[in-house]
Amino acid sequence: MPIGKSLPSVRPVSTGRAGGVQPTPPPEHRVRGAARRAAGGRRAELLAPFVLVAPAILILVLLRLWPLLLGVNFSFTGDGERDGAAVGFDNYVDLFHDPLFQQALRNVGLLVLLLPVAVAIPGIIATFIYLRVPGHRFYRSVYFFPAVLSPVIVGAIFNLLLSFDGPVNSVLGAVGIGPVDWLGDSDVAMFAVVGVHVWATFGMALVVFLAGFATLDGTLLDAARIDGASLGQVIRHVIIPSLTRTIQFVFVTTMIGMLTSMFGLLYVMTTGGPEGSTYLPEYYIWIQQGQMNRPALASAASTVLFVIMLVVGLLQLKLLRRSGKVD
């Protein structure tokens, strides 16, 4: 090398304790950039669920919550000559002094008492289908068929079947039982309509139960059979504890359906009669809004119906938790 020329600069290499060559650490700005990207990825992962559910929440707020709040506000205004004027709780006072609305509330209590029966029927049928009784595929289709029928069609069919001189009373007469005025007796009509509603709608609950059975651990059933458990013991100690969430869901949806989806049957089968014995809040709301032209009173009745569904739903869940059927 010629004299006078300087040697090229060499970057020192760090050595470890054992004298091995250690890699040069990356520049500081690269470390900060990687940390920012990692933090951004974590934030995006945390925000992703909220972004995905935001459209559904927006739809619920605009189409459910906002109209509900408007209805509650409207229930504190007047009808007729006092249209739009603030009347406080006058509409609610009128509601609870109306004999028809009182009857509607009594019928709500009857529905709540019949709710366990309405849930048990599809649950028991789903159990037999899951256990593969002979013809279970055929029964699955047949039991779901009523769920696709319109309530108007169902009501018209049962009007013919339950008429005083209809096929049902003819069968009862053949076995020595006198005819029953299914839709004209105030003590029987509500039970008849509820029975028709359960028949027409339990197909949906049946599908939900069958979906729940798909998650059931088959080894538990096999172990119960090996231990010699009876069918009742299997249902009580294996199936019910394994389907707690499904039972909870069916209870709530069936209750909502019984309180808000019987208008078609009531309108076709009894029109609220005889003597208002089959009135329900939803039918009362329609009468006040559509025939009596009292929208503020109808809004008050709608608010009461919402509160009833909320309270009954919470009580049902609390009772299920206490009985050990729901975690």
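D90 forms a salt bridge with R82 in this predicted model, where a salt bridge is a side-chain nitrogen of Lys or Arg within 4 Å of a carboxyl oxygen of Asp or Glu. The closest N and O atoms of D90 and R82 are 3.3 Å apart. D90 has a relative accessible area of 33% and R82 one of 43%, so both residues count as partly exposed. That label covers the range between buried, under 20% relative accessible area, and exposed, over 50% (1.4 Å probe, protein chains only).

How many salt bridges does a search of the whole structure find? The search finds 2. D222 and R225 both sit in helix α8 (residues 218–226), 3 residues apart, which is about one turn of the helix. Helices here are DSSP runs (H or I, at least four residues), numbered from the N terminus. D222 is partly exposed at 40% relative accessible area, and R225 is partly exposed at 48%.

Now turn to a charged residue without such a partner. D98 lies in the loop between α2 (90–96) and α3 (99–130). D98 is buried yet has no salt bridge. Leaving aside residues up to four places away in sequence, D98 touches Y284 and Q288, where contact means heavy atoms within 4.5 Å.

Helix α2 also holds V93. V93 counts as partly exposed because its relative accessibility is 43%. V93 and A300 are 207 residues apart in sequence, but their C-alpha atoms are 9.9 Å apart in space.

Next come the empty spaces. Rolling a probe the size of a water molecule over the atoms shows where empty space is left. On a 1 Å grid over the protein atoms alone, a cavity is a set of points where a 1.4 Å probe fits but cannot get out, and a pocket is an open set with protein on both sides within 12 Å along at least five of seven lines; lining residues have an atom within 4 Å of a point. Grid points are joined across faces, edges and corners, and a volume is the space filled by probe spheres set on the points.

The largest pocket has a volume of about 430 Å³. Of its 15 lining residues, R64, L68, S302, F306 and M309 are the closest to the centre. Both α1 (28–74) and α13 (295–322) supply at least two residues of this lining, and α1 gives the most, with 8 residues. By class, the pocket lining has 10 nonpolar, 4 polar and 1 charged. Ala, Val, Leu, Ile, Met, Phe, Trp, Tyr, Cys and Pro count as nonpolar, Asp, Glu, Lys and Arg as charged, and the others, Gly among them, as polar.

A search of the whole structure also finds 1 cavity of 30 Å³ or more. The largest cavity holds about 30 Å³ of space, and L111, V112, L115, M255, M258 and L259 line it. The elements giving two or more residues to this lining are α3 and α10 (244–260). The cavity lining has 6 nonpolar, no polar and no charged residues.

Residues are numbered from 1 along each chain as its sequence is written, and side-chain values use heavy atoms, with hydrogens and water left out. In this predicted model, local features need pLDDT of at least 70 and side-chain atom pairs count only at pLDDT 80 or more, while totals for chains, interfaces and linings use all residues.

Conventions. Lys, Arg positive; Asp, Glu negative; His and termini not counted.
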